Amino acid sequence: MLQKQKQGRTVLMLWVLLLSTGLFAQKVTLKGTIKDAANGEDLIGATLSIAELPGTGISSNAYGFYSLTLPKGKYTVRVQYLGYSTISEKINLEADLSRNFELGTADNTLMEVQVKAEREDQNITKTEMSVTKLSPKDVKAVPILFGEPDILKTIQLLPGVKSAGEGNSGFYVRGGTADQNLILLDEAPVYNASHLLGFFSVFNSDAIKDVTLYKGGMPAEFGGRTASVLDIRMKDGNNKNFGVSGGIGIISSKIAIEGPITKGKGSFIVSGRRTYADVFLKLSKNKSLRESKLYFYDLNLKANYQITEKDRVYLSGYFGRDVFGAGNSFGFDWGNATGTVRWNHLFSDRLFSNTSLIYSQYDYKFNIASDSSSKFSIGSQIQDWNLKQDFSWFSNENNNFKFGFNVIRHNFLPGQIKAPENSSVNALKLDQKYSYEGGAYFQNDWKINSDWSLNYGIRYSFFNYVGAGTAYTFDKEGNILTEKKYKKGESIQYYGGWEPRISAKYQINAQSSIKASLNRNYQYLHLLSNSTTSTPTDIWVPSSNNIKPQIGDQLALGFFRNLNDNQFEFSIEAYYKDMQNLIDYRNGADLLLNSSVEGELVYGKGQAYGAEFFVRKNKGRLTGWVGYTLSRTLRKFDAIDGGKAYSARQDRIHDLSIVAMYDLNSKWKVSANWVFNTGDAVTFPSGRYYFEGTVVPYYTERNGYRFPNYHRLDLGLTREFRKRKNRESSLNISAYNAYGRRNAYSITFRPKKDNPQQTEALQTTLFRWIPSITYNFKF
């Protein structure tokens, strides 16, 4: 009896202890949105923390929504976002509470230093690694080619990211190729993100709100590419006041109009950009120049409306095109179109839903008419429809779950020739290709204790290549062995696989942490290109009975530390990536209008490894960063160099970027960036021989030589004019390649004029001393 009484008292004491620690305390939910006080824009990734519970907090999602479940009690809530004033508010949380916050922006003076010092140290405390966020302000501060702020060229200045070439907006991430980057604009994939053969990107900075680059540790919600995810979100528009902003430059001009549909409930934004080289061509005395066309344009549209307290809808679109033409004899145009319809719904204080219907298309077309009897056009296209459903369940202060699925219908037109009946050119249309791609995922951001946190998830992806169409098989030399026709909707080849994703963080102290990540990605779409950089005529093809999905496995480990009261950020990340089922080409491969193009391909594997060093200064009149990458990128194909490993083109061993921005005073700002990298690996002839009187180059190994090392200095100067009420303006002057370095764009070989028996190298340089000037305004 006495023993039972002792056991009863022990159980009672345990219950009292559990209740006193809050494990069984009654909990309630604080939820709401975090927005910009000036224009009502949702703030993505703003943090809400509880002063009385160190380490307890939540970040707003892509729509500014947050939800945090806590025991009942009185708390001090702190809401923070980089560059915004911090809000501290005392609340008495006795029942579920809905509370919306609006943050005011910091003045662009030394006061901004004080505001930034108050922000939470997310680069240390968050579990995610290999992730970089950029704001439009970051992009606009960096001097760039032709003075046009460019998201893609700015991210090339980050460690682990490399330019695809001189002035090119294409990029490589941690040894991957350009097509291994998933570029999303409001969730819609952008298949060709370049204008003017890569010298501009398709993203107008005036229409962009948020940019996030995932180099590794990708969340399970993303899939379809093996190297990186670039998630770009368009502005929603000012839901409080009407406004106009824009810029006038020597190459292009742009304008954006935004305002409320209903104040506080809905808004819109329309943004456009166009180059005007063709306008000046019309002033030429040369008739052929006057009739030529050379321009591109972008149009961004977005609207949103709060239907009820629990429902909000969005409609966004992008339309862009390049047009080049030489009179009536030749024309070439290409472009993207995207559209996204989204519905946000709040099922409960903790369960947030987003449903999206997404459209994306890319196409190009050549028009050729050397005379009236030989008119024809050549074109290609890829088109997607995507249904996507995502849920966020804010379970408690230590667990934040995400889960969902998506299904994509791909339609490929590899190529066609259109010609009138009287043309000497025969019409041709390659078989269209069809496929379905999709996936389902689950992930959790779990705070284990004050030192450890874990983000784990799993994604299952699938791909079904279907008819109608013809499937071929090939021998080792690429010759057709068999062919089989399939009916509409009939499965030709199915692939699927599990993609585990996991990231972990150990908090050493308030200034330091160690992070690690491991992830696998499948890629079912592939880009075929005859050039070393992305061009409009590149062709997207699906995985098939011959082309297997690419697989990327990446392991990363990093150390993160902040110094001098968070004035400096420092990080070092080491990574290793294994790549399977990579694609390369047979010698002399014919990719254009080839119905059996899969026979021109060879398959192999690759590896990439390296270390990235990053130091960033966030506060003070001088800000900027230094990024250095030491890396190798290798490929191995049985059909190339006898199966020996060789350097990929983007195997730049050393890559250094220095970016600095300095506020001289409230009116004048200067900026500069200097870049250096090892020259690209390239295949050059090792010798030559004569065959029937013709000089034939002799090649020994793939990418056995290198271009000269690349370096460049860019300078920028900005004059801010006096602000008057709601009006502001600035003048930007910049110089690209300020010291005129002759960097190699290409190297060719030719016989010497004075001694044809000898060969000389001829280097082509694109840009030297490119100045630009742009006037920006806002009212």
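Let's start with the five-stranded sheet: it is open, with strand order E9-E16-E17-E12-E13 and mixed pairing. Strands here are DSSP runs of at least two residues, labelled E and numbered from the N terminus, and two of them pair if DSSP finds at least two bridges between them. At the edges sit strand E9 (131–134) and strand E13 (188–189), each pairing on one side only. Inside the order, strand E12 (residues 181–185) and strand E17 (residues 228–234) run parallel, joined by five bridges.

Before I go on, a word on what we are looking at. This is a predicted model, in which local features need pLDDT of at least 70 and side-chain atom pairs count only at pLDDT 80 or more, while totals for chains, interfaces and linings use all residues. Residues are numbered from 1 along each chain as its sequence is written, and side-chain values use heavy atoms, with hydrogens and water left out.

Rings of Phe, Tyr and Trp (its six-membered ring) pair if their centres lie within 6.5 Å; planes under 30 degrees apart are called stacked, over 60 edge-to-face, and the rest tilted. How many aromatic pairs does this rule give? The count comes to 37. One of them is Phe 199 with Phe 767, edge-to-face at 5.2 Å centre to centre and 85° between the planes. Phe 199 is in the loop between strand E14 (194–195) and strand E15 (200–201), and Phe 767 in the loop between strand E50 (759–764) and strand E51 (770–778), so this pair ties together parts 568 residues apart in sequence. Both Phe 199 and Phe 767 are buried, where buried means under 20% relative accessible area, exposed over 50%, and partly exposed in between (1.4 Å probe, protein chains only).

Another pair, Phe 332 and Phe 366, is stacked, at 4.0 Å centre to centre and 10° between the planes. Phe 332 belongs to strand E23 (residues 330–346) and Phe 366 to strand E24, so here the parts tied together are 34 residues apart in sequence. Phe 332 counts as buried because its relative accessibility is 10%, and Phe 366 counts as buried at 19%. Both rings are members of one aromatic cluster: Phe 324, Phe 330, Phe 332, Trp 334, Tyr 364 and Phe 366.

Staying with E24 (residues 351–369), you will also find Leu 357 there. Is Leu 357 buried or partly exposed? Its relative accessibility is 42%, so Leu 357 counts as partly exposed.

One last stop, Ser 544. This residue lies in the loop between strand E35 (539–542) and strand E36 (550–563). Ser 544 is buried, with a relative accessible area of 0%. Its C-alpha is 8.6 Å from that of Asn 464, although 80 residues separate Ser 544 and Asn 464 in sequence. Thanks, everyone!

Definitions and conventions:
Helices (H or I, at least four residues) and strands (E, at least two) are DSSP runs, numbered from the N terminus.
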